[in-house]
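Good morning, and thank you for joining this presentation.

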Amino acid sequence: MNLHIFTSQNKMKFIDRWFIYRMILIFITISFFSFNTEGKNLNSGNKMSLFYTNPLPVSLGDPYVFLASDGKYYMYGTDETGKQEGFGAYSSDNLLNWKYEGTVYKRNEQNSWTLRNFWAPEVYEQNSKFYMLFSADWKFNPTNEGENFRIGVAVADKPTGPFTDISDKPLFDPGYPVIDANILHFKDRYYLYYSRCCYKNPVESEVSVWARKLNLFQTIEESWIYGVEIASDFKSIIGEPVLLLQPPKKMNDKQSEWESRSVTSGEVNRRWSEGSFAFVRENKIYMMYSANYFGGKNYAVGYATSNNPLGPFVKASNNPVLQKNVDEGGIVTGTGHNSVTWSKDGKIMYCVYHGRTTKTGDKRVVFIDKMKVSKDGLLMVDGPTTKQKEL
């Protein structure tokens with residue numbers, strides 16, 4: 001039998017040793033739960049936090065995210081695999097961990113008006129149905145146009161499809177190629193925004209004159225953003241489209257420097273206004289849009305505001321609000337064609353957009369960064385970021 005006799009001194013040594021062991025255990029436990037690993041849920045009191053790093057492991061162009069009535073987020077976009085077989089979908093409970101749901105819209109189905117170049121899908125939930133608006137080449141091309149894009153609508157019973165065309169022809173034919181459909185619900189009416197392509201749309205401006213004098217380009221083509229009212233069932237437009245946004249005509253315009261970079265850098269003879277996304281804040285309409293060559297490093301995002309869905313829209317003084325960061329030592333270029341989504345409690349706004357990094361090369365990948373509208377009405381995006389941050 002072992003007999004342990006504790007003196008007061010031994011007892012104190014035992015207590016001190018036990019106290020040290022407890023402190024070490026508590027320190028290890030706290031360190032374990034406070035270590036910020038990518039995409040992990042961390043419990044801080046009653047608050048669940050998510051930490052992540054851009055870009056997300058999703059390769060898409062023109063990403064669009066919305067929160068459906070089933071409580072999940074769904075993401076759609078332009079396929080980056082090169083197959084161009086239609087559109088896929090991703091789902092997420094938290095905006096960070098995305099599950100691929102497979103192909104939700106197939107290209108060139110029987111009786112479909114579509115052919116190729118499936119771009120920029122957006123999905124809207126309406127009366128227990130899900131409506132996808134998208135761009136594609138129209139099979140009907142009697143004059144053999146090089147760009148023959150139109151906007152179509154497909155419908156499904158679930159956000160994961162399958163989506164089927166609601167018509168055997170595009171939503172409408174304005175007589176020129178159009179892409180990048182976006183819908184705004186404003187005071188019980190619906191409005192469609194879209195971009196007229198640069199194709200065969202040469203525009204004279206001080207920028208085009210400047211480019212011609214330097215023998216950079218003889219003509220400058222432009223894409224413009226239009227708006228038109230659309231029926232609540234998304235089957236037809238109401239009235240005539242209205243021109244809302246276009247690149248600035250004068251060199252001294254505050255917007256001209258950033259919106260003309262693709263031309264002034266000698267990259268291409270086109271200026272873009274495309275990829276619009278509109279939302280309402282304090283009864284004011286904010287329209288975000290992208291400028292410059294979508295395949296280049298200068299692709300960037302600005303915004304304009306209006307009190308009326310069909311304008312006039314006034315471009316913001318703090319444009320661009322999202323652009324490449326390589327000039328500041330970062331690794332991101334080609335930031336653009338964004339959508340906006342909200343936290344489930346509606347308190348936090350997120351800008352979802354595509355970009356490229358020195359690691360991803362030419363492939364477009366998805367970024368998510370917080371954004372906000374200040375008390376004085378300025379829209380700001382906290383991006384592009386590539387360091388770990390809290391969602």
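Predicted model: local features only at pLDDT ≥ 70, side-chain atom pairs only at ≥ 80, totals over all residues.

Two residues are said to be in contact when heavy atoms lie within 4.5 Å. By that criterion, and leaving aside residues up to four places away in sequence, Leu-379 touches Phe-279, Tyr-286, Met-288, Tyr-303, Asn-318, Val-321, Met-371, Lys-372 and Val-373.

Residues are numbered from 1 along each chain as its sequence is written, and side-chain values use heavy atoms, with hydrogens and water left out.

Turning to the whole chain, it has 391 residues, of which 51% are buried, meaning under 20% relative accessible area with a 1.4 Å probe, protein chains only. Its secondary structure comprises four helices and 25 strands; these are DSSP runs, H or I of at least four residues for helices and E of at least two for strands, numbered from the N terminus.

Where does Leu-379 belong? It is among the residues with the most contacts inside the largest nonpolar core, together with Leu-192, Phe-279 and Met-288. That core has 60 residues, and strand S8, residues 129-137, gives the most to it, with six. Such a core is a set of buried Ala, Val, Leu, Ile, Met, Phe, Trp, Tyr and Cys residues joined through side-chain atoms within 4.5 Å. Another core, of 17 residues, lies apart from it and includes Leu-50, Tyr-73, Leu-96 and Val-352.

Definitions and conventions
Buried < 20%, exposed > 50% of the residue type's maximum accessible area, 1.4 Å probe, protein only.
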